[in-house]
Each structure stands twice: as structure tokens, then as C-alpha cells.
Amino acid sequence: MTDVLTLPWLLPAPADFRARVRALKSAETVKAADVTTLAAYGLDLSQLGSLGKIVDARREELRAEGRLRPVLLGVAATHTVDLVAEALPATALRHGLLVDTVQTDYGQLAQAVLDPSSSLAAAKPDFVLLALDAASLGLARPQFEAAAAHEAVQSALDYVASLRDGVRTNIGAGVVLHTLATPAESLFGSYDARVPGSVRWLIARFNQRLTEEVVGDSDLLLDVAALAETVGLARWHDPLRWHDAKIPCALDAVPLYADHVARLLASARGLARKCLVLDLDNTLWGGIIGDDGVDGIKLGQGSAKGEAHLAVQSLALDLRRRGVILAVCSKNEEAAALIPFREHDEMVLKEDHISVFVANWTDKATNLKAIAQALNIGTDALVFLDDNPAERERVRQELPEVAVPEVGDEPSDYVRLLSLAGYFEAVAFNDEDRKRADMYQANAQRASALQKVGNLDEYLASLDMECTIAPFDDLGRARIAQLINKSNQFNLTTRRYTEADVAAIQSDPNKFTMQVRLVDRFGDNGMISVVIFDRGLDSWHCDTWLMSCRVLGRRVEEAVLDHVAAAAKAAGATRLTGEYIPTPKNVLVEKHFEKLGFVQTCERDGGGTTWALELADYAAPALPMDIRTTIAFAA
Amino acid sequence: MDRSAIIEQLTEIMIDVFDLDDLEYRDDLSAADVEEWDSLSNIRFMVAVEKAFGFRLSNSEIESLDNVGEMVDLIQQKLA
């Protein structure tokens, strides 16, 4: 495997890279696809810089196209981060983001964060990265008195926490905190680990307490310590660059660092990948099942090749356990492809771990589209792992939005490359995640139940659905924010709110909020819909209405309308109003209000429609589910 | 490596690092002549030279350079 700093899961930049960037410079129009195609290569710092300039020059055009999610990142640093800022706009394209950065002036970090009228606050960034180094935190020199050592860590943590609180209060942005890279040098040698107050001890203690005690649910953590260790500390730190220009890591490491920042922001915006699609022959096992037979394939203990493929399976299973959906896409006879899952003793992956299993002779791009459709997710949520370079190339050409790691032909590298690529970067891990793969499993069963029942009403009745509707509460907040930030298709207004915003909405008496859960006989779907109405005297207006596509066609939206209509009536209102704001992804709900009996009132400026429902005309429908409201019509 | 080959490679590096459409090489070319050539892109330039030619430049070597011609001399000397 080649050097980790070259981002080896990406194809190397083509020879004509510079010419292609230059062509964009003078192009009449620049589309997101033009720049994301170039960003998909493993670019060095200069290449990222040139592509980034195109992004800067065409920012408004790209924003108007609506394919990339705009994010303004404030960077408050105690060292030089200009190179990271230069690398980020191009890097972020890989993750679906249109990133712009705003920096604090050198040495002005605390003022920028603590003064609500600072230029950083005025820029209204979505996130602020607090990039502090060990020197500025008083952790770069040893403290040999135990009490002083503990005190040094405590005051560093207090300082970081106060800056974090400052960002939240004065700027209202999400905060990215980071751990500190361990220095490459020791003072005592191995004994450093045993001396309270050695720099290694101070930094290890700081990192541990930062993640456990300071980083809150609504903060993001950039684990620079782990990143630096992955690269190698002697390689990560470049003392000449530090002494010369206070650049905190080797220049070669900046593209990787920037990629880690971008993937974290993308994950916070709900843009992390959701599904790993696996090839079979020479990916999950060595050899070709159709030729070699179940006794001939290489899998399991006893050979390097067999163990390497086993490791790929173990990673896939671990990913599934944390909520990543697994699918199979193989050129095979289905019967043959299934044999190892059923008959090979050492298979770690079983048939029921795979949510969609496609083995046929159709081209893989077509199959990947079908897989995404079956799962109700976009093809941009897929990662496709295949040992065959021709298949990888074809999928990249047909579906450039699918992530296709460049894995080479050594299966021992697959686990490392997949992990380095960071496709499944997470910013939370909760019960919903733990159950997700099972939910999608249950969905496949539901689809087959539909085939058997045939009639939709009978089918819905057969699901034994129980729908719970409750106002926002503290317990649901993380999931509510997650849904608000990642629902694209069934989303009427696509308004994004942070956890802090959600907390404010929860306690605002002028808002009527709903979190909706759905259980059926196949399992718990978890929270599947979030709705916010603004209460007016006469009419209530829909600010946000979104739903997980997993429960499309279950009439949950009718249950939601029934609930809000009853609440509005009880409060003396006579009308509900709503709007549809179109995006490239939400055409699904263009007729949402119409289907619910609303009447169109006008066209919105800038596209979309507005709707109204006279409550006097509304009659509650009979719905094929039990509806439970935990706190009826609470303010 | 002869001087003209070094100059050719160095010109390519400068076009990349300073994001230029084209560059007419002269021995007395310096930061004053290239708009994009500031202290940070100078560091990127030095690191790109180190990578391309396979040696490390010390801080005193970097600080001793007044123009590109001297850089070519230094590369020639280091590769000799």
C-alpha cells in the first residue's frame, strides 16, 4: 500500500490535472460535477489550492446550483492554519460540501470567541474549529510536581471549555474541538509514561479528560492525536515548519488533515455514507465460487489470503453493528453466490446480515442503482468495495457519486484502506444506529409481505402499527437534530437546525413540535418524523415537516396532520398553512400538502408553493394504526 | 543533472505551487516578480523542491536564497 499521506484510497491525480483546472478557470459555467470530479483524486497541497481557487471564484454559481451543501467554518487557532484553509474548499467537495472559511487574526483567538461583536461572530459561521496547540495550553513543558501537573491539565481543560462556551453563546455556532498530537520526542524515554507531568503524560491526560468531560453531545471532536499516530509522530511533526512559521504539522500531512475536517463536517450535516456494497469473489473470499466451489475458495484461518478476506468480513460485520447497511453486488449466479453464506463454516457474514443481495450478470452500475432504490437511499450514500479495477472504473464513470475505494489487488490492505477513507465518519452513536441494520432487514421482509398480501390496505392493517406522537423533549433531541440535518427527500422546507436550535424550539411556547415514532410487527422503526409548526392566533404555519423514507406509504403523515389539526382547533385556530421549498432532492413531496387536502394559495418567490387547510373542512380519517400521544397538546 | 534540466523541472514546480498559467524563467526571478509568492507559498515551494529532488533544505539554506538562480545553484550543488 502506498503512503497514507497521499490518500491512497483515491486515484492519483491525472497528468492533465492542471490543464483541466485551467479549463474551468475560463469556462462559461462551472457545475458541481466539474469540480467534484477533480476533487475525487488524491491531490497534493498545490493542486488542492488551485482547485480551491476555482471554488472560491465560482462559489455563488455553485451555491445556486444547490448540489453542494454550503458550510462556513470559522477557524480560531493559536498557530498557522492558512494552509488548511487553502486546502479545505477543494477537499470538502469530496464530501458534498461547499466550504468557506473565516479565520481569526493571529493572536486574537480569545477576543474573537468571547466578544459577540468580533468579526468572527459577525461572519456567522456554522461551525468554529478551536485549533489550540500544546504550547498555547501550557502543556508543552514538563511539570514535575504532581499537583502542578494536574493543575496544568485542569486549567487547559477549563480554558478550552470556556472558549467552547464562548462560541456557543456569542457566535451560536457548532464547535469542533480537537485532541493534541503527542510529541515525537521523549524526555525520560519509555519512563515518560510513568512520570506524572511529563509532556506525554500531560497530553495523554488532557486528551482523555477532554473527550470524557469537555466534549458535549452538540460538539464535534476531531481526534488529531489519533490522526497523528496513524501517520507516525516523527512524520507528523516537522520542527522546522513549526519554528519557521508555526505550522503544526508537516506540509505533506495537510491534505489528510483537511480531509478529516471535511468528513467530520459532512457527517454533522448528515452526508456520511450509509451503505457498504460488497463484491463477493476475491473480495469477501479468495477465488471464484462458480469455478472453485465452496471447498476451493480461500477463506478463514490457515492462509494469509484466507485470513485477509476474513478480516474484510469482520470489518463489514462490525460496521453493520454500528449502523452501516450491508449489501452484496456480484456478477454470479445467485444460487452459487449464496452457497458460501449457507455452507462455508468460516463465513463471518451470514445471509441475514445482507440487507439487499444482488447476484446476476447485469452491469454493476445498474445494480447499485437498484440497491439504493430498494433501501430508499441515494446512490451518493453508497460505498462500493470491489477487487476488480474494471468494475471500479465502470462504476466511477456511470455513478461518480458512489464512493469507490481504490483497493488494489492485495486483500490484506482492504480493511486499512476502507478505514482510512473515512466514508462512515460518525458524530453520534445511539440506539437508533445500533438497530438500523435490523430495521433495514425488517424492511426487506416487509417488502415481501407486501407481495404476498397484494392489497395495500390489508397490508398496512397486517403490520400492526403503533404510532407515538410526542412534543420535543431532551431525550429525543440528538435524534431530532440528526433527522433535521440529514433528511433530504421527504422534507418540505429542508431547514437545518443545530441541537442548540432544537433546544430553543423545544422551549419556545410559540412552537408546536412533534417527534413521531413507529413500531410494527417487524420491529421498532424508531423516530421517523419530525414536525414543527408556528402557532398563530388564527392560523398555524408549518416550519418543518420531514419523514424518513423508510416508512413512506404507511399513512404516518395523515396521523401527523390529524394530531396537529386537533391541537390547532383546540387552541382556537381555524387554518393550517404550509409551504413546499424545492431542492434537487425533495421532489417526492412536491404534492404532499395537496395529497393531505390543502389548497394551494400561491407560488413562492424563488420557487415552490404555499398551501392552506381550513380546519372547518377537515375530517379525521380512519387510519390503519394505533396512535398514542404521550402529552396531548402540551405547550 | 545539468542546469537546464533542473531549470525545466523547477519551472514546472513553480507553475504548480504558485498556480501560474505560464512562467518565463530568469535567474534573477524572485518573490517580488510573482504575485502569488508570499511567505506561506514560499514554504510550499521549498517543500515541493525537497520532494522533487529528494533532499532536505535547512533553514539557513532557505534564508540564504535571493533568487531562483541561486536555488538552481543550490540544487545542482546538493545533487552533485
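# Reasoning about contacts and burial

Trainee: Why is the meeting of the side chains of A:Arg20 and A:Asp16 called a salt bridge?

Mentor: In this predicted model, the N to O distance between the side chains of A:Arg20 and A:Asp16 is 3.8 Å. The rule asks for a side-chain nitrogen of Lys or Arg within 4 Å of a carboxyl oxygen of Asp or Glu, so the pair qualifies.

Trainee: What makes A:Arg20 and A:Asp16 buried, exposed or partly exposed?

Mentor: A:Arg20 has a relative accessibility of 29%, and A:Asp16 has 37%. Buried requires under 20% and exposed requires over 50%; both residues therefore count as partly exposed.

Trainee: What makes the pair A:Glu579 and A:Arg495 a salt bridge, and where in the chain do the two residues lie?

Mentor: The closest N and O atoms of A:Glu579 and A:Arg495 are 2.9 Å apart, which is within the 4 Å required. The pair links distant parts of the chain, 84 residues apart. A:Glu579 belongs to strand β14 (residues 575-580) of chain A, whereas A:Arg495 belongs to the loop between α22 (477-486) and α23 (499-506) of chain A.

Trainee: Why do A:Glu579 and A:Arg495 receive the labels they do for accessibility?

Mentor: A:Glu579 has 8% relative accessibility and therefore counts as buried, the limit being under 20%. A:Arg495 has a relative accessible area of 25%, so it is partly exposed. Elsewhere in chain A, A:Arg164, A:Asp165, A:Arg168 and A:Asp219 are joined into one network by salt bridges that share partners. Over all chains, the structure holds 51 salt bridges.

Trainee: How do you know that A:Arg554 makes a polar contact with A:Asp520?

Mentor: Their side chains are 3.2 Å apart in this contact, and a polar contact needs a pair of N or O atoms within 3.5 Å. A:Arg554 is placed in the loop between β13 (539-547) and α24 (556-570) of chain A. Its relative accessible area of 3% is the reason why A:Arg554 is called buried.

Trainee: Why is the phi of A:Leu7 worth a remark?

Mentor: Phi of A:Leu7 is near 55°, a positive value in a residue other than glycine. Most residues other than glycine have a negative phi. A:Leu7 lies in the segment before α1 (17-26) of chain A. At 1% relative accessibility, A:Leu7 is buried.

Trainee: Is A:Lys124 buried or exposed, and what is its phi?

Mentor: A:Lys124 also is not a glycine, and its phi is positive, about 50°. A:Lys124 occupies the loop between α7 (119-122) and β3 (127-131) of chain A. Its relative accessibility is 65%; since exposed means over 50%, A:Lys124 counts as exposed.

Trainee: How many residues bring chain B and chain A into contact, and what area do the two chains bury?

Mentor: In chain B, 19 residues are in contact with 19 residues of chain A. The chains bury about 1,700 Å² between them, with 47% of it on carbon and sulfur atoms. B:Asp19, B:Leu40 and B:Arg44 supply 35% of the area that chain B buries against chain A, more than any other three residues.

Trainee: What makes B:Glu12 and A:Arg18 a salt bridge?

Mentor: Their side chains meet at 3.1 Å, N to O, against a limit of 4 Å. Across this interface the rule finds nine salt bridges.

Trainee: Why is B:Thr11 called buried?

Mentor: B:Thr11 has a relative accessible area of 12%. Buried means under 20%, so the label applies to B:Thr11. B:Thr11 is part of helix α1 of chain B. Leaving aside neighbours within four places in sequence, B:Thr11 is in contact with B:Leu23 and B:Tyr25.

Notes: Residues numbered from 1 in each chain as written. Chains lettered and ligands numbered in written order. Predicted model: local features only at pLDDT ≥ 70, side-chain atom pairs only at ≥ 80, totals over all residues. Heavy atoms only, no water. Contact = heavy atoms within 4.5 Å. Buried area = accessible area lost by both parts, 1.4 Å probe. Helix = DSSP H or I, 4+ residues; strand = E, 2+ residues; numbered from the N terminus. Buried < 20%, exposed > 50% of the residue type's maximum accessible area, 1.4 Å probe, protein only. Polar contact = N/O pair within 3.5 Å; in protein donor to acceptor, adjacent residues only side chain to side chain.
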